[in-house]
Amino acid sequence: MIISRLVLSLCALTLALVLAGCGGGSDEVPANAVAVVAGEEIAKSDYNALIAQAKKSYTNQKREFPKAGSQEFQTLRNQAVQFLVQREQFEQEAADMDVEVTEKQIDARLEQIQKQYFGGDKKKFDKQLKDQGLTEEQVRNDIRAQIVSEKLFEQVTRGVKVTDAEVEKFYADNKAQYSQPESREVRHILRKTKAQADDIYNQLKAGADFAALAKKFSEDTGSKANGGKLTISKGQTVAAFDKTAFALKKNEISKPVKTEFGFHVIQALSDTKPAKTTPLKDVKESIKQQLEQTKKNEAMTKWVDELKKDYEDKVSYAVGFTPPPAATGTTTAESK
């Protein structure tokens with residue numbers, strides 16, 4: 001559901017760039033915190049709220065919540081702590097970059113959510129919060145984090161540009177996806193045996209109604225209700241069917257054609273439409289947007305990687321909440 005902590009939205013916006021494996025610092029972590037990030041405490045109550053929400057989600061899905069000490073629970077715990085740590089890091093970076101989020105902006109986003117998913121009905125919205133075990137304050141905090149993430153992404157990627165040469169190269173390298181093969185409209189009747197198909201062919205040559213026979217006898221459930229009609233593209237049906245269907249003259253009926261599915265009697269209903277390629281001018285803007293998004297994602301990935309390095313010695317964890325060491329190329333990893 002949309003109010004499931006809005007964590008999924010936030011994770012998507014940050015490109016799943018959770019900062020795993022940050023180092024531990026020398027600062028003492030208070031008893032009511034799970035971590036300290038550059039002097040700012042991550043309250044244990046925030047962690048407990050995330051875990052409580054997760055339990056509620058498991059219950060709603062009729063799934064058993066992981067037992068404490070299990071690998072699944074440890075993974076869930078680490079994800080929750082790292083989510084909160086990264087959120088605090090983003091808050092600190094936002095302050096340094098003069099990124100501001102106002103209560104008015106949070107109000108507007110909350111109103112948008114209520115309109116989009118609840119038809120503006122506050123009672124339905126409140127019921128969803130209750131069902132998910134959330135308070136409106138928690139949702140507002142998540143909305144704030146979401147907007148912070150969006151604004152950071154905007155600032156980090158502001159200088160990303162895509163040149164015409166890059167667009168042209170992508171088009172040339174991927175021309176096949178902008179090409180459409182020959183196509184035509186046909187209809188067919190599929191029978192299990194050649195004898196059955198021969199009987200259909202003879203009836204058609206004697207003037208029987210093709211659509212009526214297809215609806216009554218065809219084994220192809222995908223087309224029989226439509227009188228056997230199909231629009232096919234060259235190379236996208238089984239070889240024997242494809243070869244015959246594109247060799248027929250308009251309105252010509254084939255003798256039974258054997259494929260792995262049985263025996264087909266095929267009639268061409270239209271002329272063959274020639275293959276065509278969508279010109280660059282018609283897809284230039286969409287390619288540019290695609291390349292820009294890719295570049296922006298890469299820029300954000302690089303920025304978060306650098307952020308992780310910057311905070312390596314600025315994050316301390318409470319006992320039991322230190323994440324596992326980051327994977328290395330060796331068989332052992334040294335904890336900080």
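Axes are lines fitted to C-alpha atoms, for helices over the stretch in contact, and angles run from 0 to 180 degrees between N-to-C directions. The model shown is predicted, so that local features need pLDDT of at least 70 and side-chain atom pairs count only at pLDDT 80 or more, while totals for chains, interfaces and linings use all residues. Residues are numbered from 1 along each chain as its sequence is written, and side-chain values use heavy atoms, with hydrogens and water left out.

**View 1. Helix 4 packs against helix 5.** Helix 4 (residues 103-118) and helix 5 (residues 122-132) have axes 10 Å apart and pack at an angle of about 95°; helices (H or I, at least four residues) and strands (E, at least two) are DSSP runs, numbered from the N terminus. Helix 4 is therefore roughly perpendicular to helix 5, on a scale where angles under 35 degrees count as roughly parallel, over 145 as roughly antiparallel, 65 to 115 as roughly perpendicular and the rest as oblique. From helix 4, Leu110, Gln114 and Phe118 meet Lys122, Lys124, Phe125 and Gln128 of helix 5, where contact means heavy atoms within 4.5 Å. By class, this contact of helix 4 with helix 5 comprises three nonpolar, two polar and two charged residues; Ala, Val, Leu, Ile, Met, Phe, Trp, Tyr, Cys and Pro count as nonpolar, Asp, Glu, Lys and Arg as charged, and the others, Gly among them, as polar.

**View 2. Helix 3 packs against helix 11.** The axes of helix 3 (residues 71-96) and helix 11 (residues 280-310) lie 12 Å apart, at an angle of about 100°, which means that helix 3 is roughly perpendicular to helix 11. Helix 3 contributes Gln86, Gln89, Phe90 and Glu93 to the contact, and helix 11 contributes Met300, Trp303, Val304 and Leu307. The residues of this contact of helix 3 with helix 11 divide into five nonpolar, two polar and one charged.

**View 3. Strand 4 pairs with strand 5 and with strand 7.** Strand 4 (residues 183-191) pairs with strand 5 in the antiparallel sense over five bridges, and Arg184 stands opposite Ile232 in strand 5. Six bridges join strand 4 to strand 7, again with the two strands running antiparallel. Across that pairing, Val186 has Ala268 in strand 7 as its bridge partner, and Arg191 stands opposite Phe263 in strand 7. Eight of the nine residues of strand 4 are buried, so strand 4 is largely enclosed by the rest of the structure; buried means under 20% relative accessible area, exposed over 50%, and partly exposed in between (1.4 Å probe, protein chains only).

View 4. In strand 7, seven of the seven residues are buried, so strand 7 is largely enclosed by the rest of the structure.

**View 5. Val319 is found in the segment after strand 9 (315-317).** With a relative accessible area of 84%, Val319 is exposed. The C-alpha atoms of Val319 and Val29 are separated by 8.6 Å, although these residues are 290 residues apart along the chain.

Definitions and conventions: Two strands pair if DSSP finds at least two bridges between them.
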